[in-house]
Amino acid sequence: MWKSFTGFRGEAKFSTWLYQVAINTAIAGLRKGKKHIQSYDPNSVPKEISDTNSYIQKEEMYAEMYAAIEQLNKIEKALVMLYLEGKSYAEMEEILGVNENTLRVKMNRAKEKLRQLVKNN
């Protein structure tokens, strides 16, 4: 982000610009074949033993969903991740540079793909 900050012109919201930089960096990293380090949020560790079963079930459900997301193409992945972050379609349009109506169609198709992928597993 600090390398790209000089290119921030203020034409869009800062958060929209930041997401665009992050997505472009992530896509460039995937193209270069960089290895990714997986990290975990320490707050996601269960605090009570009695909570462990429900925690494990939720983690399995999340793992299954993220495995399904990994099978989507790059645009669908970006779209789903932005959706999960709570971004509006207008913000997604600015970040991805794709027409809002096209994004809605792609999102519906991505949701259907995810349903099928989760259903088949």
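A residue is called buried when its relative accessible area is under 20%, exposed when that area is over 50%, and partly exposed in between, using a 1.4 Å probe and protein chains only.

The model is predicted, so local features need a pLDDT of at least 70 and side-chain atom pairs count only at pLDDT 80 or more, whereas totals for chains, interfaces and linings use all residues. Residues are numbered from 1 along each chain as its sequence is written, and side-chain values use heavy atoms, with hydrogens and water left out.

**The whole chain**

Switch to a cartoon view, in which the chain has five helices and zero strands, helices being DSSP runs of H or I with at least four residues and strands runs of E with at least two, numbered from the N terminus. Contact means heavy atoms within 4.5 Å, and among the contacts between residues at least 6 apart in sequence, 52% join residues at least 24 apart.

**H3 against H4**

Select residues 74–84 for helix H3 and residues 89–96 for helix H4, which pack at an angle of about 140° with their axes 11 Å apart. Axes are lines fitted to C-alpha atoms, for helices over the stretch in contact, and angles run from 0 to 180 degrees between N-to-C directions. Angles under 35 degrees count as roughly parallel, over 145 as roughly antiparallel, 65 to 115 as roughly perpendicular and the rest as oblique, and H3 and H4 are therefore oblique to each other. Now show side chains: Ala-78, Leu-79, Leu-82 and Tyr-83 of H3 meet Met-92, Ile-95 and Leu-96 of H4. By class, this contact of H3 with H4 holds seven nonpolar, no polar and no charged residues, where Ala, Val, Leu, Ile, Met, Phe, Trp, Tyr, Cys and Pro count as nonpolar, Asp, Glu, Lys and Arg as charged, and the others, Gly among them, as polar.

**Along H4**

Keep H4 selected and look down its axis: Tyr-89, Glu-91, Met-92, Ile-95 and Leu-96 are buried. They cover an arc of only 155° around the axis, which puts them on the same side of H4, the arc being that of the directions from the helix axis to the C-beta atoms. After H4 comes Gly-97, whose phi is positive, near 70°.

**Thr-16 in H1**

Next select Thr-16, which lies in helix H1 (residues 14–32) and, at 4% relative accessibility, counts as buried. Leaving aside residues up to four places away in sequence, Thr-16 touches Glu-91, Glu-94 and Ile-95. Thr-16 and Leu-96, 80 residues apart in sequence, are 9.6 Å apart from C-alpha to C-alpha.

H3 and H5 pack at an angle of about 95°, with their axes 10 Å apart. The H3 side of the contact includes Ile-75, Glu-76 and Val-80, and the H5 side includes Lys-106, Ala-110 and Leu-114. By class, the contact of H3 with H5 has eight nonpolar, no polar and four charged residues.
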